[in-house]
Amino acid sequence: MSKPKPRGPQTQHTGVYKIEAIKDAAESLNINITDVVASALASDVEYRIHQVIEVSAEPNALFFLPNDDQEAARFMRHGRRTTMTTSDIEQAFRVLNIEPLYGHTAFNPPTFRKALPFPQVAAAGPVYFVEDEEIDFDRVLREEKITLPKGVSWTAHWLAVEGVQPLIPENPPAIPREPEADATKTETLANGNGPLAQNAAAKRQQQQQQQQQQLVKQVLSRELQLYYSRLTESLLPPSNDYVKRTAAIASLRNDAGLQALLPYLIRWVGEGVVGSLKDGMQSESDGKILEVMMDVVSALLDNHTLFVEPYLHQILPPVLSTLLHSSLPPSHATHLRTTASQTLSRVLTQHSTTYPSLSPRIMKTLLLALISPGKSKGTREGAIRGLVGVGKEAVRKGLVEGGGAKVVESECRNSDDAGPLIDSVMDALRVLQPTSDMVISLDPNNQLDAEVLAQLRELLGDTFAMRVAENAAWARKLLGMSRSDEEL
């Protein structure tokens, strides 16, 4: 065996961190260490410093090293900076699970000053120290006081108003619409011909349905969606359970908290009425569906917790369509038109003061349906019952002054199925002026009665004049009302 070579003398430590610094730190703790121990500690300290930061061989220059251990350099690189700050060192300490050095910030770097040389210790070299900042209390007192912000508090804001989310910072942003360019491109394709245009139109319709479903899911809670599905199932005619239907109508009439569901219920009623009236001749099932729809509208109007005014323009079309449709099922026609006229009267009674133009517009629609040529008997009957729902003034202008009674009389003169239309005119005249208890007919041989009968024929036509003439007091009341109005 060869003998081990004797070790040569140990070389002097040439690292960045000096041995003298290790000895000074040990002496401050009353610990005496040898040069070998101090050299080993200095090497370890230097390694730990290199683990956090790395200084290149060139003076006053920092370089990024490929070693992943250089944590502070990594934070500096991700911060897109060329100068390392104390915050990078602090973050590196945290990554390496080392307690950071407190009191050093990147926004308030410490100021180092060079101490005066010591003549008695020339070998000590330059000494630097951190200069303490002197605070002038007079200047601090003269400066403007910084007011502290308010503490955390709670406040209330509207998530939705009548089903519409207000655009305020507290609420999430609305769903953005599609860009106009994409919409224009889709319209251009849809207006063309060929399979490409059809695919574009189908895709656009599918996107609209998806957006609508998303909106419904966002606006309605799961409980309201379940309530809506159970309610519609119990109201439609396939469900013949009268108890469930009555309970559903009572729920719509009395329950609170249905405001978010109101636009969907009104839309459901409109779609149901359109689906029942789109064909030429309606069946018994269509009549039952229309009765349910009118009951739903009436129940919504009776519910005082619902704010219906923004949806009147959606409620009136199905009501007027049911009222003025030409061919309703015979067994349901009178009941449907009476219910629709009562619903129309309730709408005008509750909301005519808020919308003054509502009553004149509806009255104009009814007068056109009554007097215009070419209208069916069902449409004219519905117009008369609608005028009854509007009020006495509407009946007077429509039947007496507007000539509506004479138009109806000319159509019913040679018709066999005009019984409901004639009954509706007589009911309207009774609303205009109640009948008298003393039933004494007019005498054509009497001059005064003959004059009254002639005026009745001029205003109402022969058929209705003979029916009114059976009650002389009632006939004079009708003519007296007409005369007084003409004098005014």
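Where does Asn-97 lie? Asn-97 sits in the loop between helix H4 (86-95) and strand S1 (112-114). Helices (H or I, at least four residues) and strands (E, at least two) are DSSP runs, numbered from the N terminus. This is a predicted model: local features need pLDDT of at least 70, side-chain atom pairs count only at pLDDT 80 or more, and totals for chains, interfaces and linings use all residues. Residues are numbered from 1 along each chain as its sequence is written, and side-chain values use heavy atoms, without hydrogens and water.

- Asn-97 is not a glycine, yet it has a positive phi of about 60°.
- Asn-97 is exposed, at 72% relative accessibility. Exposed means over 50% relative accessible area, buried under 20%, and partly exposed in between (1.4 Å probe, protein chains only).
- Asn-30 lies in the loop between helix H1 (19-28) and helix H2 (35-52).
- Asn-30 also has a positive phi of about 60° and is not a glycine.
- The relative accessible area of Asn-30 is 74%, so it is exposed.

**Helix H9**

- Helix H9 (residues 242-254) has 13 residues. Its first and last C-alpha are 18 Å apart, close to the 18 Å expected at 1.5 Å a residue. That expected span is 1.5 Å times one less than the number of residues.
- Ala-248, Ile-249, Ser-251 and Leu-252 are buried in H9.
- Seen down the axis of H9, the buried residues fall within an arc of 155°, so they line one face. The arc is that of the directions from the helix axis to the C-beta atoms.
- Tyr-242, Val-243 and Asn-254 are exposed on the other side of H9.
- The cover over the buried residues of H9 includes helix H8 (222-235), helix H10 (262-277) and helix H11 (284-302).

Conventions:
Contact = heavy atoms within 4.5 Å.
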